[in-house]
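Me: Hey, can you help me look through a structure? I'd like to go over it bit by bit.

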Amino acid sequence: MKQEKAGLWLLAGIIVLLILWQLGAFLFGSSLILPGPLPVIEKFGSLFGNPKFLTSLGFSFLRVIGGMLISVPLGLVFGIASGLDNRAGAFLKPLFSIISATPVMSVILICFLILGSEKTPVFTAFLMVFPVMAANTIEGIHQVDPKLKELFIVYRMNPKETLRYLYIPSIMPFMLGGLKSSLSLCWKVVVAAEVLVQPLRSIGTGMQQAKAQLETPELFAWTLATVLAAALTQFMLGLVIKRKKP
């Protein structure tokens with residue numbers, strides 16, 4: 001599909017969503033329950049000029065980046081170890097299973113008791129993203145062509161060369177796919193943790209305060225800010241990935 005047509009379909013999708021949103025607001029008939037798009041956009045505009053809002057947005061962004069910077073390299077290392085060595089895979093399997101099966105809310109509450117409000121969103125994001133990245137890495141290693149493996153053995157390539165020229169290229173598409181899906185997951189987890197533990201400067205704290213004061217348009221405006229920030233970071237990541245591709 002050409003870029004122009006894709007852009008038109010994207011615009012059409014946004015317009016339909018806005019119409020459905022406005023229709024829902026009309027049916028409820030109360031901005032306290034479901035405000036329409038215009039009051040929310042107006043509130044978003046007024047928040048955008050507020051230094052407190054921008055600071056909160058910046059700190060939430062740093063938490064998301066912090067969670068990704070910890071979880072991605074560790075997921076890669078643990079995933080490679082598990083994918084290449086069955087003993088390491090069996091040893092780490094209980095850890096991956098426990099992390100994947102534990103409810104996010106339980107993780108947030110437990111982390112809050114141990115780490116406090118400032119570190120909980122980052123650590124929770126790490127715990128949620130880490131198994132995703134590790135699983136993608138393991139899947140990438142399992143997809144390596146067996147004939148290529150035999151070729152590397154025949155030519156007596158050492159482990160370092162095998163990892164660099166055989167496994168890393170195989171892992172890369174799975175890692176990049178995992179990276180894109182993990183980024184949006186990271187935003188959701190960080191903001192959810194912020195809503196619960198309320199660090200000093202965060203989007204989640206702004207949402208919680210707006211909810212407590214029954215400022216529904218403001219609650220929607222904070223949500224809109226989260227969606228836009230996640231979309232912007234995903235777009236920027238997409239550009240970086242596109243530039244790195246040969």
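Me: First up, is the crossing of H5 and H6 left-handed or right-handed?

Reply: The crossing of H5 and H6 is right-handed, meaning that the near helix is turned clockwise from the far one by less than a right angle. Helices here are DSSP runs of H or I with at least four residues, and strands are E runs of at least two, numbered from the N terminus. Bear in mind that this is a predicted model, where local features need pLDDT of at least 70, side-chain atom pairs count only at pLDDT 80 or more, and totals for chains, interfaces and linings use all residues. Residues are numbered from 1 along each chain as its sequence is written, and side-chain values use heavy atoms, with hydrogens and water left out.

Me: At what angle do the axes of H5 and H6 cross?

Reply: Roughly 135°, and the axes of H5 (residues 104-115) and H6 (residues 120-142) come within 9 Å. Axes are lines fitted to C-alpha atoms, for helices over the stretch in contact, with angles from 0 to 180 degrees between N-to-C directions. That makes H5 oblique to H6, since angles under 35 degrees count as roughly parallel, over 145 as roughly antiparallel, 65 to 115 as roughly perpendicular and the rest as oblique.

Me: Which residues make that contact?

Reply: From H5 you get Val104, Val107, Ile108, Cys111, Phe112 and Leu115, and from H6 Thr120, Phe123, Thr124, Leu127 and Met128. Contact means heavy atoms within 4.5 Å.

Me: What about H5 and H8, how do their axes cross?

Reply: The axes of H5 and H8 (residues 159-197) come within 10 Å and cross at roughly 55°, so H5 and H8 are oblique to each other. Met105, Ile108 and Phe112 in H5 meet Ala192, Ala193, Leu196 and Val197 in H8.

Me: New topic: what happens at the start of H7?

Reply: A side-chain oxygen of aspartate 145 reaches to within 3.0 Å of the backbone nitrogen of lysine 147, at the start of H7 (residues 146-154). Just after H7, arginine 156 has a positive phi of about 50°.

Me: And which residues does UniProt list for "domain: ABC transmembrane type-1"?

Reply: The unreviewed UniProt entry lists residues 53-241, though annotations may be inferred rather than shown by experiment. That span is 88% helix and 0% strand, with its end C-alpha atoms 30 Å apart.

Me: Where does it put "transmembrane region"?

Reply: UniProt's unreviewed entry includes residues 7-33 and 95-116 among them. Residues 95-116 are 86% helix and 0% strand, and the end C-alpha atoms are 23 Å apart.

Methods:
Polar contact = N/O pair within 3.5 Å; in protein donor to acceptor, adjacent residues only side chain to side chain.
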